[in-house]
Amino acid sequence: MTKTRRRGAELNAAIYQATRTILEQDGLTQLTFAKVAEVAGTSKPVIYRHWDSPFTLALLAIQDKIKTDNHGRLDQLTLTGHNLATDLFQVLKRFTLSMDAYGQALMNTWFTGLDHEQTAQLQQMLTAVKEIDSHAIDHVLQRAQQRHELTRTNLPDNLKLLPFDWIRYQRFVNQPIDDRQLTDFVQTVLLPSYTAALTD
C-alpha cells in the first residue's frame, strides 16, 4: 500500500483500523508492526515510536473501536429509563454492543498463547474495564435511589459486576444475546438481587 503523510488522529485511526483488520483476518499471533505498517500505509518507525509491542497496540485498537462505536465509555452513558429495570436494560444493551466490537474471532485469540507480560497487560485492561462497569451501575443505583426505588446504593462489587461477567461469558462461548434475554436477566436475576440488597 502506498504510504501517505498523515499525522495525529488521522494516522492513529488508520493504524488502529489496520490492526483490527489483521486481528480479524489472521489472529493475534500474526500481528506484527511490519504488517500493520503495510496495511495502514505508513512506516514501521512511526509505529515503533508510539507503541511498545503489537499486543499493546491490539488492546488499544480494540478499546478505540468500543469508544468510537458507542460514543464514549459505558459510565458516560446518558440514561433515559423511567425506573431501575429500564436503566439496567440500557446499560446492559450498550455493554453488549461494546462486546460486539471485539468480534468472535478476536475473543478466541485473547486468552490463548499469551506470555506472562501479555497476560499482565490484559489483566490491567480488564481491571480498568471492570471499574468503568462498576461506575455505570453506581449511576443506575443513584438514579433509583433518587426515585425512591432503593434506600441504599452500597451494592457489593460481585453483584455490580454480575451482569457484565454473564454477558462476557455468553460472548466467549459464542452465544447470541437478544433484547428478550436481557430483559429476562434484568427481571429475574438483577431486580430481585439488587432490591433485596438495597432496601430496608
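Let me start with the contact between helices H7 and H8, where Val129, Lys130, Asp133, Ser134, Ile137 and Asp138 of H7 meet Asp157, Lys160, Leu161, Phe164, Asp165 and Arg168 of H8. Sorted by class, the residues of this contact are four nonpolar, one polar and seven charged. H7 covers residues 116-146 and H8 covers residues 157-172. Their axes lie 9 Å apart, at an angle of about 115 degrees, and the crossing is right-handed. Please keep in mind throughout that this is a predicted model.

H8 also packs against H5. Here the angle is about 35 degrees and the axes are 10 Å apart; this crossing, too, is right-handed. From H5, the contact takes in Val91, Leu92, Phe95, Thr96, Met99 and Asp100. From H8, the partners are Pro163, Phe164, Ile167, Arg168 and Arg171. The classes here are seven nonpolar, one polar and three charged residues.

I turn next to the nonpolar cores. Which residues have the most contacts inside the largest core? They are Leu84, Leu88, Val91, Leu92, Leu141, Phe164 and Tyr194, in a core of 30 residues. As general background, nonpolar side chains in soluble globular proteins tend to be buried together.

Let us move to the loop between H8 and H9, which holds isoleucine 177. Is isoleucine 177 buried or exposed? Its relative accessibility is 12%, and it therefore counts as buried, the cut-off being under 20%. Beyond its neighbours within four places in sequence, isoleucine 177 touches Trp166, Ile167, Gln170, Arg171 and Leu182. Isoleucine 167 is ten residues away from isoleucine 177 in sequence, and the two C-alpha atoms are 7.9 Å apart.

The axis of H1, residues 8-26, comes within 8 Å of the axis of H2, and the two cross at roughly 115 degrees. The crossing is right-handed. On the H1 side, the contact is made by Ala14, Ile15, Ala18, Thr19, Ile22 and Asp26, and on the H2 side by Lys35, Val36, Val39 and Ala40. By class, that gives seven nonpolar, one polar and two charged residues.

Within H1, I would draw your attention to threonine 19. Threonine 19 has a relative accessible area of 0% and is therefore buried. Apart from neighbours within four places in sequence, the residues in contact with threonine 19 are Leu31, Val36, Leu57, Ala58 and Ala61.

As for H2 itself, residues 33-40, which of its residues are buried? Phe33, Val36, Ala37 and Ala40 are. Viewed down the axis of H2, these buried residues fall within an arc of 100 degrees, so they line one face of the helix. Just after H2 comes glycine 41, with a positive phi of about 75 degrees.

Note on methods. Residues numbered from 1 in each chain as written. Predicted model: local features only at pLDDT ≥ 70, side-chain atom pairs only at ≥ 80, totals over all residues. Heavy atoms only, no water. Buried < 20%, exposed > 50% of the residue type's maximum accessible area, 1.4 Å probe, protein only. Helix = DSSP H or I, 4+ residues; strand = E, 2+ residues; numbered from the N terminus. Arc of directions from axis to C-beta. Axes fitted to C-alpha atoms, helices over the stretch in contact; angles between N-to-C directions. Left-handed = near helix turned anticlockwise from the far one by under 90°. Contact = heavy atoms within 4.5 Å. Nonpolar A, V, L, I, M, F, W, Y, C, P; charged D, E, K, R; others polar. Core = buried A, V, L, I, M, F, W, Y, C linked by side-chain atoms within 4.5 Å.
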